[in-house]
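Here are my notes on this model, as numbered points. Please read them with the coordinates open.

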Amino acid sequence: MSNVYGYVKDSDNQSVDTQIQAMRDYGVENSCIYKDERNDFSAWQLLLGKVRPGDTVVLKSLDQLGDSYEAIIGEWEKLTKEHDAAAVVLDMPLPDTAKALSGQFVSELVLDVLNYVEQNRKVLRRRKQKAAIRAAQEKGVKFGSPSKIIPEEFEKVKAEYERGDLTVTAAAKQLDISRATFRRWVKKEGM
């Protein structure tokens with residue numbers, strides 16, 4: 001006989017009482033509801049230790065499994081693949097894997113959909129960022145640290161360096177710049 005468990009997590013987004021009531025409404029018995037505090041996953045780990053193939057775990061929302069996409073996917077895979085349990089996410093309008101003909105298929109479909117959404121989000125964010133950078137550059141905005149102005153004494157220090165009287169380190173120190181900047185200026189002046 002398969003068991004039905006509920007998992008609730010204290011968070012800013014969801015009241016614990018509301019989550020517990022949602023578990024009860026789904027049919028989860030009070031003794032089968034596991035609750036964690038904000039930054040604690042000990043009840044979740046305990047629940048994973050009890051879950052057997054064919055059992056069902058009910059969640060109010062996916063964000064209870066972690067605070068990052070990677071963490072959520074990792075815990076979802078532990079539950080559905082490693083433990084071969086069904087998952088029901090009450091706030092998610094996808095089929096629940098407990099009632100589907102092939103719970104594993106639906107579970108993998110959910111993972112694929114989540115992966116697709118995350119990849120699209122990243123691509124869209126990169127596109128928006130590139131467009132904003134391009135627009136700013138067209139308006140004359142310069143990115144990065146402002147270029148240092150080559151001081152008047154550079155030519156004298158450069159000549160000493162080229163004669164071998166100064167090392168790169170000594171020359172850079174005299175001008176109060178980094179060695180990389182000194183080398184860049186020497187190269188630029190040599191062009």
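1. Start with Tyr 161. Tyr 161 is partly exposed, with 28% relative accessible area. The classes run as follows: buried is under 20% relative accessible area, exposed is over 50%, and partly exposed is in between (1.4 Å probe, protein chains only).

2. A word on the basis. This is a predicted model, in which local features need pLDDT of at least 70 and side-chain atom pairs count only at pLDDT 80 or more, while totals for chains, interfaces and linings use all residues. Residues are numbered from 1 along each chain as its sequence is written, and side-chain values use heavy atoms, with hydrogens and water left out.

3. What does Tyr 161 pair with? Its partner is Phe 182: the ring centres are 5.2 Å apart and the planes stand at 90°, so the pair is edge-to-face. The rule covers rings of Phe, Tyr and Trp (its six-membered ring): centres lie within 6.5 Å, and planes under 30 degrees apart count as stacked, over 60 as edge-to-face and the rest as tilted. Tyr 161 belongs to helix α5 and Phe 182 to helix α7, so this pair ties together parts 21 residues apart in sequence. Helices (H or I, at least four residues) and strands (E, at least two) are DSSP runs, numbered from the N terminus. Phe 182 is buried, at 0% relative accessibility.

4. The structure holds five aromatic pairs. One of them joins Phe 154 and Trp 185, edge-to-face, at 5.6 Å centre to centre and 85° between the planes. Phe 154 lies in α5 (residues 154-163) and Trp 185 in α7 (residues 179-190), so parts 31 residues apart in sequence are tied together. Both Phe 154 and Trp 185 are buried. Phe 154, Tyr 161, Phe 182 and Trp 185 make one aromatic cluster.

5. Now α5 itself. Its buried residues include Phe 154, Val 157, Lys 158 and Glu 160. Down the helix axis, the buried residues of α5 fall within an arc of 160°, so they line one face. That arc is taken over the directions from the helix axis to the C-beta atoms. Lys 156, Glu 162 and Arg 163 are exposed, on the face turned away from the buried side. Just after α5, Gly 164 has a positive phi of about 95°.

6. Next, the sheet. Four strands form an open sheet with parallel pairing, in the order β2-β1-β3-β4. Strands pair if DSSP finds at least two bridges between them. The edges are β2 (33-36) and β4 (86-89), each pairing on one side only. Neighbouring strands are turned by 20° against each other on average, direction ignored. Helix α1 (residues 16-26) packs on the sheet and touches β1, β2, β3 and β4; its direction makes about 165° with that of β1. Contact means heavy atoms within 4.5 Å. Axes are lines fitted to C-alpha atoms, for helices over the stretch in contact, and angles run from 0 to 180 degrees between N-to-C directions.

7. Inside the sheet, β1 (residues 4-9) and β3 (residues 56-59) pair over four bridges. Tyr 7 has Leu 59 as its bridge partner in β3.

8. Last, the whole chain. It has seven helices and four strands, in the pattern β-α-β-α-β-α-β-α-α-α-α. Of its 191 residues, 35% are buried.
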